[in-house]
Amino acid sequence: MENVKVSVIVPVYNAQYFLKECVDSLLNQTLNCIEIILVNDGSTDSSQNIINYYSDKYPDLIKAISKKNSGPSKTRNAGLEQAKGDYVVFIDADDFVDSRYLEKMYLKAIEHESDLVVCGYYNVFLINGKKRMQKTLPNTNIYEKNIFEEPKLLSGTSLFVWDKLFKKSIIDEKGIKFPEDLDYGEDFAFLSKYKYFSRKISCVREGLYYYRVKGKNSITGSYNDSVLDLIKSLELVCDFYLDKGIFNTFQRELYVISAGYYVRRLNDFSNYNNKKLQKDLVDCFYEYMNNYFHGWEKKIKKFRNKNIFSTALSLHRGKKALTYAYIWTPNIIKKSVNFGMRSIGRSKNQVKKSYKKVSAFKQKINFDRILYAYFRKYFKVSENKIFMISYFGSSITDSVFYMLEKIQYNNQFSVYVGSNNLNRDSLFLKYNKLNVIMVKIHSVRYLFLLATAKHLIINSRFPDYFSKRDEQNYLNTWHGTPLKTLGKKMVTGIRDLGNNQSNFLMADYLLFPNRYTKDHMMRDYFLEDTFTGKVILTGYPRNDIFFNTEAQKSLKDKLGIEGKKVYVYMPTWRGSTINSLTIKKYQDEVEALLDKLDKSMSGDKILFVKLHQLVMRKIKINKYDNIKPFHPQYETYEFLNMADCLITDYSSVFFDFANTKKEIILFMYDYEEYLRERGLYLNINELPFTKIYNLNDLVDHINTDIRFTPSAQYYEFLKEYCTYDSPNNTEKLINAFILQDECTDLTVTSYKKNKENEYEIVIMNNLLDEKDINEFSKLLSLSNQYSHKIYFAFDKNSMKDETSKILYDMQSDKLNYIIMQGSMPFTIGEFLVIFCFRKFRIFRSIAKKIYKVELQRLFPNMDIKKIKNYSENNKYKDLVALFNEE
């Protein structure tokens, strides 16, 4: 048959009682140019005779295939191999369809240019010999999109294939098949992969398919070991979405599907007596859910469940022992007790309301700092614990990732890593085979480790209530060679200088990748006279990957882009603030750029994009053919390593990528505007990279295909800024910091001499009027007459923008200052002592001991001989009263 519009594939297995009704409904279709493929999967009844009858009678319309019994997947795949239609549908042999089923679906696909069409269906029950039907219609609000535009399309349709029409070319081109080792869940595996490639999914909001619920002689009508294939199917789909780098995007929908399957199977337990199989199914589900959905036990209780008894007993926090108890409960009790458990739901609602009130109270009193102070005061430091955090727990990347890779194999340490999203990062750790313990940021365990872990490693800063103990060992790796000005050199943002300044002063080790970074950071955060630890000059651990050419080739092969030229676009964030208007402006700029690049790029090139997450979420990057996002399961620099060319702007990433000796394009379409808002340490126009200032020139350059060769200036750049980068810096750093190996060939400078310095602290009020400014200027002019080093101090919480501007304008060698940040951590008992001292001037010695810890937090490792206070803050008045005694 030529020009077949739709191929209808009907797998047949022992369907003699229903097959005739099924085939007759297909023969009555109003759509012409169809073919019906009947595939007999080794039936042992008279199904083959029925197939022969119809294929003999309608040889131009019906194609018959007979094969040995091998299950539904191989049977459908056999039909797909013979299908010639532009579109394909799958019909179960014991179901039947409306006469307009194919016409309605086909016309919807053609008129709407849809790759997948879904229709409504009827569940058909046989009760007392009569058919009873229950209609289900699709939710039209989510259709006419794809899963990237509307993620609910992944979980919001039925999980079967029989109510859907598929485009055959997509199945062929993408190699989509039913997994042949599965007898259960194969529909879901096939459908979930197909949806990934669908550009548009539409629906016909009519009941056109009749699904026979009872009397099905198939896996759905029985209960045997094949039910365990469901877990394999779920794993197959999760791994597919992981490999495509989009699992995080669809994690909620995949969880909804998985939890729904689990709850439905749990409800079925009361209908079957095979307790061992039920236990095996629960064990498999637990293992699967723990692997892919961290914390699923608490969430699954929210699922609507008709069987309230099973909800109350077997879903309580996902405790397996209670689930086992439910399995071994006699079925008659499971069914009869259900109605008496409804009060549990009401009680749980009351508990939830109480919990919300407690949470609100905890937030109001800043419970974190109180609990941290308690752990710090009463618990010893654990010598074998390492606690690492990258970017406040927003990812497990950067130098922290590469140190984790190495240190995880040292059995003498317990390694912990902070995360603000356990679901996301548990999969990242699993994907990268990192055997470390995750800790939720701001959890009780997080606070405990912050106070008691021996080794602390971070690439940014700890919370403002953190105060390092003498027994702790603290390494701050920072996260980039600075191009944009920092610290006191920031045009705006001096108020936030203290966020990093206090962390740097507390650190035992500061890591800088070159002398340029060291000089600017030490000077602009006022560390030259105050820092008492050690500075390590070495390449960032994250840069080790740039010396691994084998990893570059391997990743290209894994992603299927070998032979293509890979561009990576990693721009810096635009704007001094994050708000909806700023995000929208930047989003428009980026989309205009990507639209033009995608249209102009040939198929032998591909562009990977890494943007600020707030913008990345809003851009529909799946609409592009040659532009893709970074794969979230690979560490950022591991992914960047495979680039043939980096496109950036004012981001410091080019300092690191230069190690590859590949082309770097500085695309600065807003050069003048950007420099008005931000200062730079270097003249970016003098850097030895390709500079492009408009989109048309960028397009032309990409399409020119000129072979890149590093210039002499490029190699000079490497000597100055990549001096210490090498393939094994991570191992050297671990040996020096954690194992305390003095023999490593790292360049280490001790600032221990600064412990001899003595300081006088002058705590200032805001510089808002002429009187305040004059007083400040007078104190500054007399600062060289004091016997101690003078440091001015400003409270971040009360500091105004006017004060920041004055400090920026008055920069001089004489002006040294500390920005004091955060609130004082204290236990409840310490709070009462401070209250009594402040009110009644009692408990003086105890109050002094408490405030000594606070002085260490505000002015880490500084030997303070005198404090002057010009502010009205009671805490600073207490400091003067306690520490200015003769």
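This is a predicted model: local features need pLDDT of at least 70, side-chain atom pairs count only at pLDDT 80 or more; totals for chains, interfaces and linings use all residues.
Residues are numbered from 1 along each chain as its sequence is written, and side-chain values use heavy atoms, with hydrogens and water left out.

The protein contains 35 helices and 27 strands, taken as DSSP runs numbered from the N terminus (helices, H or I, at least four residues; strands, E, at least two). The C-alpha trace spans about 110 × 70 × 55 Å along its principal axes. Of the 886 residues, 55% count as buried, a term that denotes under 20% relative accessible area, with exposed denoting over 50% and partly exposed lying in between (1.4 Å probe, protein chains only). Among contacts (heavy atoms within 4.5 Å) between residues at least 6 apart in sequence, 76% join residues at least 24 apart.

Six strands form an open sheet in the order β19-β18-β17-β20-β21-β22, with parallel pairing, where two strands pair if DSSP finds at least two bridges between them. Strand β18 (residues 605-609) runs parallel to β19 and is joined to β19 by three bridges; Leu607 has Ile627 in β19 as its bridge partner.

Helix α34 (residues 844-858) comprises 15 residues and reaches 20 Å from its first C-alpha to its last, close to the 21 Å expected at 1.5 Å a residue, the expected span being 1.5 Å times one less than the number of residues. Its buried residues are Ala847, Ile850, Tyr851, Glu854, Leu855, Arg857 and Leu858. Viewed down the axis of α34, these buried residues fall within an arc of 155°, so they line one face of the helix; the arc is that of the directions from the helix axis to the C-beta atoms. On the other side of α34, Ser845, Lys849 and Lys852 are exposed. The buried residues of α34 pack against α20 (497-506), β26 (817-820), α33 (828-840), β27 (863-869) and α35 (874-883).

Lys468, in the loop between β13 (453-458) and β14 (473-476), is buried, with a relative accessible area of 8%. A polar atom of the Lys468 side chain lies 2.9 Å from the backbone oxygen of Gln472. Not counting residues up to four places away in sequence, Lys468 touches Arg376, Tyr474, Met506 and Asp508.

Note on methods
A polar contact is a pair of N or O atoms within 3.5 Å; within protein, one must be able to donate a hydrogen and the other to accept it, and residues adjacent in sequence count only if both atoms are side-chain atoms.
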